[in-house]
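Subject: Structure handover

Hello,

Please find the structure below. My notes on it follow.

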Amino acid sequence: MKIFEWSFKENFELKEELIIVLGTFETLHLGHYELIKLAKDLKNTYPQRKLAIMLFSNSYKNIINQEKKVLQTKTRLYTLFNLEFDYVFLVDVNKDKLSTSHTNFVNNLKLNNVKIVVCGPDFKFGFRKLGDIDYLKKYFDVYVASERKIQKQKISTSLIREFISEGKISAVNALMIEKYAFITNLEKLKFKFPNNLLKLKSGIYIVNCVISDLEYHGLIRIGNDMENEIDNEIYLFDLELIPSKYEEVFIELEDTIRFINFKHENLITDFDLEVTKKWFLK
């Protein structure tokens, strides 16, 4: 998978014709998977064409309202790699890029050999969102994926954001293409929760971790000490050596054990360890 940094101006000199999935994709949830499935079906119909996707490093709301991100760019890129995309058009959003006109946006898609566009029914683009599906249809073959709902509720990033804040990891994972995860650095067995991410509710969570390409299993504590940003720790059952300082770790959350509401609850207990062991053995 090749990643292009895109500001809606570049000519990447791609010889192959492209099928591109358009959206910001702050998260990658099951609603988005409807777009991806449609694009992959089109790829099977036109095997000579390459599969691309647009991805925003930050959303419009992150910039305008200074909201924290739901998922890191790197974890979303891992998911897109697993979904076998050929190209990612990665947009590092700023106010200049948000002022790009809908005509310039379309002209750059044409310049980069886009032939087929896949998007959702409410997709709009360009300055003041003047571009829409009807405008895209003037220049490309456009396929619109249907919305996906769970219990009559539209799957949305806002809903996932709400569940993360409440610590409802099983509910988050039920809506995502891949399980909720984040990347940080260990200082021995302590870590900072990424500053640019929406904070997960303080609690004890069952996790899988990858350190130096090896997978481990255990639990994490997201602490509630607001004055100590490294008040988070990890316990891994199958880890023989304590990682060196600043070792990068990929942490994938499986489920919630309990929440931390008071200072005396802010530690990993034998009960937490026993619950986690039983979870992995089930």
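**Arg-49 and its partner**

Arg-49 counts as buried because its relative accessibility is 12%. Buried stands for under 20% relative accessible area and exposed for over 50%, with partly exposed in between (1.4 Å probe, protein chains only). Arg-49 makes a salt bridge with Glu-17, and the closest N and O atoms of the pair are 2.9 Å apart. The pair links distant parts of the chain, 32 residues apart: Glu-17 sits in the loop between β1 and β2, and Arg-49 in the loop between α1 (30-45) and β3 (50-56). Glu-17 counts as partly exposed, since its relative accessibility is 30%. A salt bridge here is a side-chain nitrogen of Lys or Arg within 4 Å of a carboxyl oxygen of Asp or Glu. Helices (H or I, at least four residues) and strands (E, at least two) are DSSP runs, numbered from the N terminus.

**Source and numbering**

This is a predicted model, in which local features need pLDDT of at least 70 and side-chain atom pairs count only at pLDDT 80 or more, while totals for chains, interfaces and linings use all residues. Residues are numbered from 1 along each chain as its sequence is written, and side-chain values use heavy atoms, with hydrogens and water left out.

**The chain as a whole**

The chain contains 9 helices and 14 strands. For 282 residues, a compact globule would have a radius of gyration near 19 Å, and the 21 Å of the chain agrees with that. This radius is taken over C-alpha atoms, and the globule rule is 2.2 Å times the number of residues to the power 0.38. The C-alpha trace spans about 65 × 40 × 35 Å along its principal axes.

Of the 282 residues, 49% count as buried. The chain exposes about 14800 Å², of which carbon and sulfur atoms supply 49%; the areas come from the Shrake-Rupley method with a 1.4 Å probe, and for residues only the protein chains shown count as cover. Among contacts (heavy atoms within 4.5 Å) with a separation of 6 or more, 75% are between residues 24 or more positions apart.

There are 41 positive and 40 negative side chains, and the centres of the two sets lie 5 Å apart. Lys and Arg count as positive and Asp and Glu as negative, with His and the chain ends not counted. Each charge is placed at NZ of Lys, CZ of Arg, CG of Asp or CD of Glu.

**Other salt bridges**

The structure holds 13 salt bridges. One of them joins Lys-37 to Glu-34, with the closest N and O atoms 3.5 Å apart. Both residues lie in helix α1, 3 residues apart, about one turn of the helix. Lys-37 is partly exposed at a relative accessible area of 35%, whereas Glu-34 is buried at 18%. A network of salt bridges links Glu-34, Lys-37 and Arg-148.

Glu-147 forms a salt bridge with Lys-154, the closest N and O atoms being 3.6 Å apart. Glu-147 is partly exposed, with a relative accessible area of 41%, and Lys-154 is partly exposed at 38%.

**Two buried loop residues**

His-29, in the loop between β2 and α1, is buried with a relative accessible area of 5%. Beyond its neighbours within four places in sequence, His-29 is in contact with Ile-155, Ser-156, Thr-157, Ile-160, Leu-175, Met-176 and Ile-177. Thr-157 and Ile-160 are among the buried residues of helix α7 (residues 157-165), which also include Leu-159, Arg-161, Phe-163 and Ile-164.

Asn-113 lies in the loop between α5 (102-111) and β5 (114-119) and counts as buried at 17% relative accessibility. Leaving aside neighbours within four places in sequence, Asn-113 is in contact with Leu-14, Lys-15, Glu-16, Glu-17 and Leu-18. Asn-113 and Leu-14 are 99 residues apart along the chain, yet their C-alpha atoms are separated by 6.7 Å.

**Backbone angles**

Most residues other than glycine have a negative phi. Glu-13, in the loop between β1 (2-5) and β2 (18-21), has a positive phi near 55 degrees; this residue counts as exposed at 66% relative accessibility. Ser-212, in the loop between β11 (203-211) and β12 (214-222), also has a positive phi, near 50 degrees.

Regards
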